[in-house]
Amino acid sequence: MSAPRVLMLSFQFPPMAGSSGVQRCLRFARELPALGWEPLILSAGAGAYEQCSDDQLDAISPDWVVARAPALDAARHLSLWRRYPGWLATPDRWVSWLACAIPMGLAMIRRHRPAVLWSTYPIPSAHWLGWWLARLSGLPWVADFRDPMAHQGYPEDPRLWQHYARLEQRIFARARRACFTTPGALRLYAQRFPAAAPRLRLIENGYVEEEFQQAQALMPALPPLPTGAAPRDDTPCLLHSGVLYPRWRNPEALFMALAQLRREQPRLLPRLALRASGHEDWLRALAAQHGVADLVTLLPPLPYAQALAEMLQADALLLLQSDECADQIPAKAYEYLRAGRPVLVLASGDTAALMRDAGLSHLAALEDSVAIAAQLRRFVLDWQAGACPRPAPERVAAASRRARAAQLADCLNEARISAPNPTEFPLEST
């Protein structure tokens, strides 16, 4: 008997670059065959993407059926003097792909007979595609959310917010299962759509073990982490690998804590290495404003495997997430767990809960400079004593993409055998 097939609907797919969202569909597709499911992929044409890279194309198996619907970016292809009508970008700038993606999806369904549909957000038109194909074909549908859709303050445009809210109602009325990457997002939708709560599942993001094995092979040739301050053996260099944001990952309170530590206990001052942080002029000015520019080194991006190798041999790692993103977990958190190094966690909400559950104990809210200063002292002293905790091995294993794909396979099996939803009409939200 042949394996059941799942038609995976994801706007974000190689050769798209510049978004970690590409990994969600790609890695699930790679792991599902070993778990008894054959993936079919429907994505957008490469012309829709602002950035493309061939780096991930080798990860696409030649055995997969991959179809690409032509798509236009309203901001680049349909604008005049950088302006375009709002309806051309509702619910997103790439909604034009639905014109071809819907008939292409129906053709794939007729030819390949998938057992389940799966679509993934944060490109909302992917869920519109899932809704239309589920409605027209009658197939069970699993809707995957990497982030919440309509939530407080997002989208800022009230008309777009209403469109998102209407789409959510259709999703939770039609989808047999809905998956979320964080407990907070799952709680949000269980409260918003209580009738759908039994159909909601948690499938977090994760790391790819094979990529860390490749990174380990690079470690002997990797040069020491460069820092602007004179190297010291008695205090660690904390590495943050990835983008920092003025709003969501703002290190100002951390810089204030470093300034406080310099005044009170300068022998405990760590150094910071910020790799591929973006917004470098802003970060440089912010560090200078608080008198810690000599402790902060801004480093350019590295190829992905080298960046992982750098994490594996860092003195310690630094994780930042604002309270405003309490229901979200940065993908970097799972890579940090696999790296197995001590981690200073400046976050609250789901990110802090994940790291605490993994056995890490140096935590403070990103916005609280006094708490950060206290944790910096304790972290450096523990590091000097060799007493900084490392992530628990069982929690690391559970965070692999392979383990997450096993959860998805269970979810697909549930959707396949479950009864249709009691109503096809929009649910009332609370």
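Two strands count as paired if DSSP finds at least two bridges between them. In this predicted model, 7 strands form an open sheet in the order 3-2-1-4-5-6-7, with parallel pairing. Strand 3 (65-69) and strand 7 (200-202) lie at the edges with a single partner strand each, so one side of each has no neighbour in the sheet. From one strand to the next, the twist averages 20°.

**Within and against the sheet**

- Strand 5 (residues 141-145) pairs with strand 6 (residues 177-180) in the parallel sense, over 4 bridges.
- Phe145 has Phe180 of strand 6 as its bridge partner.
- Helix 3 (residues 98-112) packs on the sheet and touches strand 1 (5-9), strand 2 (38-44), strand 3 and strand 4 (116-121).
- The direction of helix 3 makes about 160° with that of strand 3.

**Glu310 in helix 10**

- Helix 10 (residues 304-313) contains Glu310.
- Glu310 has 6% relative accessibility; the cut-off for buried is under 20%, so Glu310 counts as buried.
- The side chains of Glu310 and Arg275 make a polar contact (2.6 Å).
- Leaving aside residues up to four places away in sequence, Glu310 touches Leu222, Leu225, Leu239, Arg275 and Leu302.

**Helix 11**

- Helix 11 (residues 332-339) is largely enclosed by the rest of the structure, because 7 of its 8 residues are buried.
- The buried residues of helix 11 are Ala333, Tyr334, Glu335, Tyr336, Leu337, Arg338 and Ala339.
- Gly340 follows helix 11 and has a positive phi, near 75°.

Note on methods. Residues numbered from 1 in each chain as written. Predicted model: local features only at pLDDT ≥ 70, side-chain atom pairs only at ≥ 80, totals over all residues. Heavy atoms only, no water. Buried < 20%, exposed > 50% of the residue type's maximum accessible area, 1.4 Å probe, protein only. Helix = DSSP H or I, 4+ residues; strand = E, 2+ residues; numbered from the N terminus. Polar contact = N/O pair within 3.5 Å; in protein donor to acceptor, adjacent residues only side chain to side chain. Contact = heavy atoms within 4.5 Å. Axes fitted to C-alpha atoms, helices over the stretch in contact; angles between N-to-C directions.
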